[in-house]
Amino acid sequence: MPSGVVALAGLDEDANCHGMAMSTFVPVSIDPPIVAISVQETSRTWTRLRKLPALGVSVLTHDHGPLARQLAGPEAERFRGVATVASPSGAVHIDGCGTRFECTVIDEIVAGDHLIVTLSVEALTPPGADDAGPLIFHRSTFGALASS
């Protein structure tokens, strides 16, 4: 099933950036604003991210395919050469992504070999009029939405 791709990232107490690419990101509630992600229960990266005070969610655009692969690669290489913007709370966003969420972890629910994680949306930067379309992941490849 086709899905959008987001980057999830934050700063630890030593200002080190941790994060990953994800293709499971869904809206849950408007009032209060809540979103959810799904992450492997054995993820070492999630072990670090779950402890952070704030997480940035950046909706990747159609030209971010190589970046998504990089963010899914070896942890030490994920943010090498990547322009990021950190909020005062420690949420990290990918520079150039129009849609950004600043979130905090609410809860984790075990679902098979994954965790469904609910996140409270503390701040939102919606896409601008000139925002590029989203990156789509389908059948192990990245693409863009077709124009109608």
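Residues are numbered from 1 along each chain as its sequence is written, and side-chain values use heavy atoms, leaving out hydrogens and water. In this predicted model, local features need pLDDT of at least 70 and side-chain atom pairs count only at pLDDT 80 or more, while totals for chains, interfaces and linings use all residues.

**Exercise 1. Find out how far the prediction can be trusted along the chain.**

Start with the score itself: pLDDT is the predictor's confidence in each residue, from 0 to 100. The protein chain averages 90, and 90% of the residues score at least 70. Next, go element by element: strand 9 has the highest mean pLDDT (97), and strand 11 (residues 135-138) has the lowest (67). Where pLDDT is low, the predicted coordinates should not be read in detail.

**Exercise 2. Describe the overall fold in terms of its elements and contacts.**

Count the elements to begin with: the protein chain has twelve strands and two helices. Here helices (H or I, at least four residues) and strands (E, at least two) are DSSP runs, numbered from the N terminus. Their order along the sequence is β-β-β-β-β-α-β-α-β-β-β-β-β-β. Now turn to contacts, meaning heavy atoms within 4.5 Å. Taking those between residues at least 6 apart in sequence, 60% join residues at least 24 apart.

**Exercise 3. Locate the largest nonpolar core and the residues that touch the most other members.**

First, the terms. Buried means under 20% relative accessible area, exposed over 50%, and partly exposed in between (1.4 Å probe, protein chains only). A nonpolar core is a set of buried Ala, Val, Leu, Ile, Met, Phe, Trp, Tyr and Cys residues joined through side-chain atoms within 4.5 Å. Of the chain's 148 residues, 41% count as buried. The largest core holds 18 residues, and Leu 8 and Trp 46 touch the most other members. Elements giving two or more residues to this core include strand 2 (6-11), helix 1 (44-49) and strand 9 (100-111). Strand 10 gives the most, with four residues. Then look around Trp 46: beyond four places in sequence, its contacts include Leu 8, Met 20, Ile 37 and Val 117. A second, separate core has 13 residues, among them Val 5, Leu 67, Leu 71 and Val 82.

**Exercise 4. Compare Ser 87 with Pro 88.**

Check the accessibility: Ser 87 is buried because its relative accessible area is 17%, whereas Pro 88, at 90%, is exposed. Finally, look for polar contacts (a pair of N or O atoms within 3.5 Å; within protein, one must be able to donate a hydrogen and the other to accept it, and residues adjacent in sequence count only if both atoms are side-chain atoms). The Ser 87 side chain makes one with the side chain of Ser 89 (2.8 Å) and another, of 3.3 Å, with that of Glu 102.

**Exercise 5. Work out the surroundings of His 18.**

His 18 sits in strand 3. It counts as buried because its relative accessibility is 17%. Its side chain makes a polar contact with the side chain of Asp 12 (2.9 Å). Leaving aside neighbours within four places in sequence, His 18 also has contacts that include Leu 8, Arg 48 and Phe 79.
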